[in-house]
Amino acid sequence: MTAVESRPAGGGTSHALKAVGELAESPRHRPFGARVKAFVALTKPRVIELLLMTTVPVMFLAAEGVPDLWLVLATCIGGYLSAGGAGAFNMYIDRDIDAMMDRTSQRPLVTGMVSPRECLIFASALTVGSTVWFWYLVNPLSAMLSLGASLFYVVVYTMILKRRTAQNIVWGGIAGCMPVFIGWSAVTDSVSWASLVLFLVIFFWTPPHYWPLSMKVKDDYERVGVPMLPVTAGNKVVARQIVLYSWVMVGVSLSLQPLGYTSWFYTVVAAALGAFWLKEAHGLQARAKAGITGAKLKEMRLFHWSITYVSLLFAAVAVDPFLH
């Protein structure tokens, strides 16, 4: 299946074939501004926002205050290029199933705004560029960590795990944890127990962050044969797993102070955020146990809260060094 075999939300396959065919045959239907937006979309900017949201605060913690601002800028640019390249590779590899899923039916390769060849060249350029950028403007350790994260996301998650196991997002989420190591290594040229703890926070955060969204769009995943946990198990099982991972995540997040890396401020914030998270997770489990489905399941409440949680938790990581 190619990108032209698309099925945008609200439209049929024949409509998609006609629309994409017109784009391919008529360059005037691919205006410059729309093309620029399409290439930006290939980088998955919403995902990168979350990645940078964890990278920068860790740099403050590693520096025990304000890090060199040029270093912060260089790390953020390198991180955007690296994650953007991985995101573009992901869209190239998944263009067949993206064409059949309502959630992804407007991605640039599906609509034909960007060709597969253009996407592959773009992704390769970003990955090589980010590695060189990190190597010369940050440090070699950060460059290797960044390249490793990209390879893990593209090869291990997208090519191997995603279409084969319901544990795909659990182990594939490791790539999303790597910005924590990258932020710490950018400042110290090393990794530490503090960075490992925050790595594990993101590791255990990722499944209960993504599974509620997967519950919402499980019909999409089922249609294309991707075995996300909500497809292979019932809502009760998924909700139980969400609660389990949530408790471990909160417990790990509270270990920074005992290890001597943060003060009471971070601990209080982490405890308050964690308590509210657990309330939402257990609420979702209770609704799932009661057999509630559809809109009343309210699974997206936890998904949206998970973004707020990680944003505020890492904001506390950045503020805490100033309160020691």
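This note walks through the salt bridges of the structure above.

1. A word on the basis: this is a predicted model, in which local features need pLDDT of at least 70 and side-chain atom pairs count only at pLDDT 80 or more, while totals for chains, interfaces and linings use all residues. Residues are numbered from 1 along each chain as its sequence is written, and side-chain values use heavy atoms, leaving out hydrogens and water.

2. Take a salt bridge as a side-chain nitrogen of Lys or Arg within 4 Å of a carboxyl oxygen of Asp or Glu. The model then has 7 salt bridges.

3. One of them pairs Arg35 with Glu118, at 2.9 Å from N to O. Arg35 sits in helix H2 (residues 32-42) and Glu118 in helix H7 (residues 116-137), so this contact ties together parts 83 residues apart in sequence. Helices here are DSSP runs (H or I, at least four residues), numbered from the N terminus. Arg35 is buried at 19% relative accessible area, and Glu118 is partly exposed at 23%; buried means under 20%, exposed over 50%, and partly exposed in between (1.4 Å probe, protein chains only).

4. Asp94 and Lys162 also meet in a salt bridge, 2.6 Å from N to O. Asp94 belongs to the loop between helices H4 (69-93) and H5 (95-98), and Lys162 to the loop between H8 (140-161) and H9 (168-172), 68 residues apart. Both Asp94 and Lys162 are buried.

5. Within helix H12 (residues 218-224), Arg223 and Asp220 are 3 residues apart, which is about one helical turn. Their closest N and O atoms are 2.7 Å apart. Arg223 is partly exposed at 35%, whereas Asp220 is buried at 5%.

6. Finally, shared partners join Asp94, Asp96, Lys162 and Arg163 into one network of salt bridges.

How values were computed: Helix = DSSP H or I, 4+ residues; strand = E, 2+ residues; numbered from the N terminus.
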